[in-house]
Amino acid sequence: MKNKELAESIINKVGGKDNITSLVHCATRLRFVLKDDSKADAESLKKQKGVITVVKSGGQFQVVIGNHVADVFSDIMQLTNLNENNTTNAAPDKKMGFFSKLIDLVSSIFIPALVVLVAGGILKGIISLLQVKNIVYEGSPTYNFLFAIADAPFYYLPIILGFSAVKKFGGNPYVGMALGGALVHPNIVGMLGGAFEAQSSLFGISIKLIPYASSVFPIIIASWFYSVLERNFSKIMHDSFKKFIAPLLGIIITVPLTFAVIGPVVAFLSNIVAAGIIYVYQLNSVIASMILAGLWQVMVVFGIHWGLVPFAMNNINVYQEDFMVPILFPAVFAQVGAVLAIMLRSKDLQMQGLASSSVLSGIFGVTEPAIYGINLPLKRPFVIGCISAMIGGGIVGYYQSVIYSFSFISIFSFLQLIPPTGIDDKFYAVVFGSLISFGVATVVTYLFGIPKDKRSMLGLDTDKDVEQERASNAQPTEKLIRVSSPMTGKVIPLTQVNDPTFAGELMGKGSAIIPTIGQVLAPEDGEVVSLFRTKHAIGFVTDTGAEILIHIGIDTVKLDGQHFEAHIESGSKVKKGDLLVSFDIDAIKQAGFEVTTPIIITNTDDYKDVKTIFMQNDIQAGNELLTLNKSED
């Protein structure tokens, strides 16, 4: 239900389902192409619970969700009635620039295929490890079975990309599969006889036949050409037979043309580009690697990293290895190191929880929660992560490390660096470079990565707090007592409570919370000194002497205990976080009562000052809410 509610909110805030031209998703993002970007409320979406951030890049309106993006995507698909053929097939807006169209094209084609490609790549790494450990041997039945499973997504890549590409270009995606299948059909492979190229003939015309297994660019160009033919044939044909005849004519023309012209020309050009990239890399592999590693996460932020994906895959197809992907290992783990430092340094429970989950996601290759949730908002950790990545990238570049199957970086991807001949220096260079980047980012961020104006986000003392602490050393001394929130919800000033007794602070100073979860937890270690018969109010004394009244709702005494359940009794000794009372928020509201809960320090006169220190809107139970400043002689 939470995902469905989030999906409904996103649809509304991107301008409604009629404003959505196309939609795909990657590991953490919903990637919309909208008819009118001005109808989308990006700022409101950024504040939406469940949304990490919003990025406009590459002609796409990207909503960063996190690891459960697939569930939200599925709900949006159902709510908008977008079918399988219109999620990606709309042409990019004409106002988009060439580069934006290119990024939209590449991401839309490759994102759906990534799951199976990454899975196959990891399995290839596992096979290499098993070979190194002499558990399986090349040519053995076990090896053949495992290799067939791992290699199938790459060998038949033209079929997979043919489906995605024709779907993106607006044609029948199943014809795209047939196009790719023709390129890797056993008859074609048999004519090659294992050679890199062979002369053959088509309708008596001599052509140069090349291997298309694992190829990237030829099938994409062929898919575009076929889609253009299909659309034009459909325009001039009668509705009764165009559904079958248009694809027939399109494929009859496209496949021979691909073998005769498109394939050889595109393969020749892609090989030149690959050779050019390698040439630049070899001019100074250290500097080139440092630049790529340092800028990679910046490219991720803007969603333009997809532009490098086909080149990395093409390198593997042409050279059976790629140097670009290993450079990215330090870039990923440096950001993980930076967010780990924030987790270790923070005293705020909410920030610690977000940071710890971001560390876990980052280890498995998803860095968006770390970047958007913590490192970018704090700014300095993100920069430190990028600079730290350059150090590791330089190490990887010095040894010119390579990877043997395509992957996005995760802890499992190290297996794909193992060559068939066994672990070598190039493998250790990536491991060492990643550890160096991770370690440097962690240490530097811990020591220097928190700007003074951001310390409060981590629950750390600000300069003002330090001054107050210094002043507390004077006579008489002052003791600062902290009281945590007993509830999860929205914090509001006590003066905004719709009750003159509480709002006028006649019972004492404090704060108020509009709860989103119907539970009251012990704010600190202490004792329940009173529990009203109606269970709507609790008197609590902490071990530090703070006397607290937690009054659930306004005038809820009139409910006479309905919709409330006590889990303790008067006189109970409790620990911080123990459940005291649970209540039904919806039922209380339906009965006509507010659930706004004042949290009052009833012995306010014992303290020099009572302040609300939580400066954000939403609070979690257990976050520090109040400070009580007590003078001591």
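Reply: On a 1 Å grid over the protein atoms alone, a pocket is an open set of points with protein on both sides within 12 Å along at least five of seven lines, whereas a cavity is a set where a 1.4 Å probe fits but cannot get out; lining residues have an atom within 4 Å of a point. Grid points are joined across faces, edges and corners, and a volume is the space filled by probe spheres set on the points. The model is predicted: local features need pLDDT of at least 70 and side-chain atom pairs count only at pLDDT 80 or more, while totals for chains, interfaces and linings use all residues. Residues are numbered from 1 along each chain as its sequence is written, and side-chain values use heavy atoms, with hydrogens and water left out.

The largest pocket has a volume of about 2000 Å³. Its lining comprises 41 residues, of which Gln48, Lys49, Gly50, Val51 and Gln350 are the closest to its centre. Helices (H or I, at least four residues) and strands (E, at least two) are DSSP runs, numbered from the N terminus. At least two lining residues of the largest pocket come from each of α1 (2-13), α2 (42-47), α15 (349-363), α16 (368-378), β8 (489-492) and β19 (618-619). Helix α15 supplies the largest share, seven residues. Ala, Val, Leu, Ile, Met, Phe, Trp, Tyr, Cys and Pro count as nonpolar, Asp, Glu, Lys and Arg as charged, and the others, Gly among them, as polar. By this division the lining of the largest pocket has 19 polar, 13 nonpolar and nine charged residues.

The two strands named in that lining lead to the sheet. Two strands pair if DSSP finds at least two bridges between them. β8 and β19 pair in the antiparallel sense over two bridges, and Gly489 has Ile619 of β19 as its bridge partner. Both strands belong to an open sheet of eight strands with antiparallel pairing, in the order β15-β11-β12-β13-β17-β9-β8-β19. β15 (573-574) and β19 are at the edges with a single partner strand each, so one side of each has no neighbour in the sheet.

Next come the cores. A nonpolar core is a set of buried Ala, Val, Leu, Ile, Met, Phe, Trp, Tyr and Cys residues joined through side-chain atoms within 4.5 Å; buried means under 20% relative accessible area, exposed over 50%, and partly exposed in between (1.4 Å probe, protein chains only). The largest nonpolar core has 66 residues, among which Phe110, Val216, Phe259, Met313, Phe329 and Phe406 touch the most other members. Helix α14 (residues 324-345) gives the most to this core, ten residues. Another core, of 34 residues, lies apart from it and includes Ile481, Val520, Ala522 and Leu580.

The largest cavity contains about 80 Å³ of space, and Phe406 is among its lining residues, as are Leu292, Trp296 and Met324. α14 gives the most to this lining, with three residues. The lining of the largest cavity divides into ten nonpolar, one polar and no charged residues. The second largest cavity has a volume of about 40 Å³ and is lined by Leu179, Leu183, Ala222, Val255 and Thr258.
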